[in-house]
Amino acid sequence: MRANLTACLALFERDLSAIRRSRSQVYSSVLTPLLLLIFLGTGVSRGLQPSSLPAGNFTAYLVPGVVVMTAVFAATFASASYYRDRDSGVLRMLLSSPASSRTVLLGKSMAGVTLGTVQAFAVLVIAAPFVDFEWQHGVFTGLLLSVATIVLLNLVLAGVAQALASRIETMQGFHLLMNLVLFPLLFFSGAFFPVENLPVWLEVLARINPLSYAVDALLLAAYADSSTGFFGLTIDFAVLGGLAIVVYALGFARMPRLTWSGK
Amino acid sequence: MTDSTAVSARDVVHRYGDRLALAHFDLDVPAGRVFGILGPNGSGKTTFVSLLAAMQQPQEGTLEVFGLPPSAALRARVGTVFQENALDPLMTPSEHLALAGRMFGLDRSTARSRAASLLDQFGLGGRERERIGSLSGGMRRRLEMTRALLHKPELLLLDEPTTGVDADERALLWEQLRDQGTTIILATNDLAEADHVCDDVAFLREGHVVAVGSPAALKEGLRRDSVRIGWAGDARATGDELRSWLGVGTVVERDREVIVTVDDASSFVPHLFARWPGAIRAVAVEPASLEDAYFHHVGRRGDAAAREDR
């Protein structure tokens with residue numbers, strides 16, 4: 001147990017320190033969502049002047065969705081470390097150690113969670129002073145709720161990403177699948193438009209979409225005053241927490257072993 | 001299994017789908033020796049070594065390493081060097097060894113001091129802060145050895161460890177490896193290297209052991225001399241006739257070369273020139289090698305095809 005914890009921590013530290021060598025990835029992962037906020041938020045607010053928003057302008061509404069999008073991209077990029085380790089042979093070295101394959105995945109996943117959380121929270125903190133957030137629970141509590149939401153969301157996303165990466169042979173195939181699944185999920189999660197008052201079929205899709213619960217929690221934490229949101233914070237945290245447990249219990253239950261040659 | 005036995009395999013069977021990789025495989029490897037596993041591609045070398053590394057479980061039979069079945073606990077006592085590098089080119093040797101040390105349960109300070117000592121021994125002192133991607137191929141192989149030895153394994157598994165390494169590097173590597181005093185299992189196709197460094201070897205064919213012993217003992221049962229004959233034209237048609245000659249053992253035919261083991265080269269060579277005057281370009285006589293013993297026990301790929309045809 002202790003050996004597995006040490007190994008998990010070693011991998012966690014190693015994957016985090018690897019980011020020092022690709023700072024451009026970190027900068028662009030924060031800058032791209034901010035640019036999206038500036039251009040899409042300003043464009044829609046001024047150009048279309050949406051009138052059915054619960055509060056504030058469209059840019060403020062967009063921030064929670066863009067934070068969720070940042071976490072989605074971060075999880076996808078973090079899984080690249082699995083493929084890099086597999087292709088360089090390092091994964092074989094890791095799996096020839098006494099650490100279990102689950103430990104290896106967990107260590108890499110925790111690094112992904114940390115990176116995704118830092119990047120998503122950075123987008124929120126940088127954007128917040130420039131938009132009309134109501135912070136209905138107060139700024140401090142709102143930030144705590146936001147961090148909790150972002151951590152839970154990243155746990156789910158990084159867990160899914162690592163579990164899938166260990167089962168999908170090529171990185172291209174992995175990215176294709178992630179884009180195919182996560183992009184549509186982003187669109188009907190309430191990230192870019194409210195899910196209230198939508199056609200029934202879209203509302204059903206929103207209800208079974210895990211990202212909807214993260215967007216809802218962030219909207220409730222930061223964006224609107226006197227709002228109960230679409231689901232409510234209790235349901236949001238219960239769903240995200242439950243999903244995180246399911247992902248780590250099922251997704252990490254069995255990792256395909258590499259052959260000696262690493263193929 | 002005795003205290004002096006490092007590895008004991010009994011009736012081990014392992015399949016990949018329908019393909020039988022190990023077929024009722026039996027082998028004992030004594031502790032503290034350098035033991036070579038030799039055989040053609042697909043003979044089961046890599047499968048056997050990967051079972052020893054506890055990276056997969058045998059499907060049938062009993063396999064024990066130091067009395068333990070393949071398990072995570074066993075992996076802590078085994079060091080492995082893969083045929084292809086297992087190094088992140090963006091890391092430095094010291095970062096790589098720090099990671100490996102902690103994966104194998106060493107605390108940071110032990111890993112650091114052990115890494116420094118091994119890097120010095122393997123001629124990598126002073127290069128520990130350079131990126132691995134900037135090291136030469138030979139240096140990377142030495143770094144692999146350093147990593148595999150970091151946790152003081154009792155068994156070191158080497159899968160073609162010196163592929164692409166020049167002669168000087170090889171000599172340095174083996175000198176350092178022998179100094180470690182650990183049991184070494186070398187899976188290789190390099191018969192000359194195995195002859196030079198192994199205390200014992202096992203020849204594998206089609207998933208089982210066909211011969212085992214010291215290189216000297218395996219060569220002992222052979223004809224005394226190895227004769228390498230260079231032909232001016234295609235030599236392949238001569239093999240059948242040579243096999244029928246008295247005193248001739250194995251015959252290996254290549255395009256313009258035939259290697260024959262014989263009882264007495266001094267009577268064989270004149271007979272050869274008399275039979276094919278003008279057709280022979282060169283003749284070299286050497287004592288029988290491990291390569292001759294290998295072909296004697298394992299046969300050639302053509303022999304295997306002939307057996308399958310039968």
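Tutor: The lining of the second largest cavity divides into six nonpolar residues, two polar and no charged (Ala, Val, Leu, Ile, Met, Phe, Trp, Tyr, Cys and Pro count as nonpolar, Asp, Glu, Lys and Arg as charged, the others, Gly among them, as polar). The model is predicted, with local features needing pLDDT of at least 70, side-chain atom pairs pLDDT 80 or more, and totals for linings using all residues; side-chain values use heavy atoms, without hydrogens or water. Residues are numbered from 1 along each chain, and chains are lettered from A in the order written.

This cavity has a volume of about 40 Å³. A cavity is a set of points on a 1 Å grid where a 1.4 Å probe fits but cannot get out, and lining residues have an atom within 4 Å of a point. Val72(A), Phe73(A), Thr76(A), Met178(A), Asn179(A), Leu182(A), Phe183(A) and Leu186(A) form the lining. Helices α3 and α8 of chain A each give two or more of these residues, and α8(A) has the largest share, with five. Helices are DSSP runs (H or I) of at least four residues. The span of α3 is 58–78, that of α8 171–187.

In total there are two cavities of 30 Å³ or more. The largest, at about 50 Å³, is lined by residues including Ala74(A), Phe77(A) and Ala78(A). Helices α2 (23–47), α3 and α6 (101–127) of chain A each contribute two or more residues there, with four from α6(A) as the largest share. That lining has four nonpolar, five polar and no charged residues.

How values were computed
On a 1 Å grid over the protein atoms alone, a cavity is a set of points where a 1.4 Å probe fits but cannot get out, and a pocket is an open set with protein on both sides within 12 Å along at least five of seven lines; lining residues have an atom within 4 Å of a point. Grid points are joined across faces, edges and corners, and a volume is the space filled by probe spheres set on the points.
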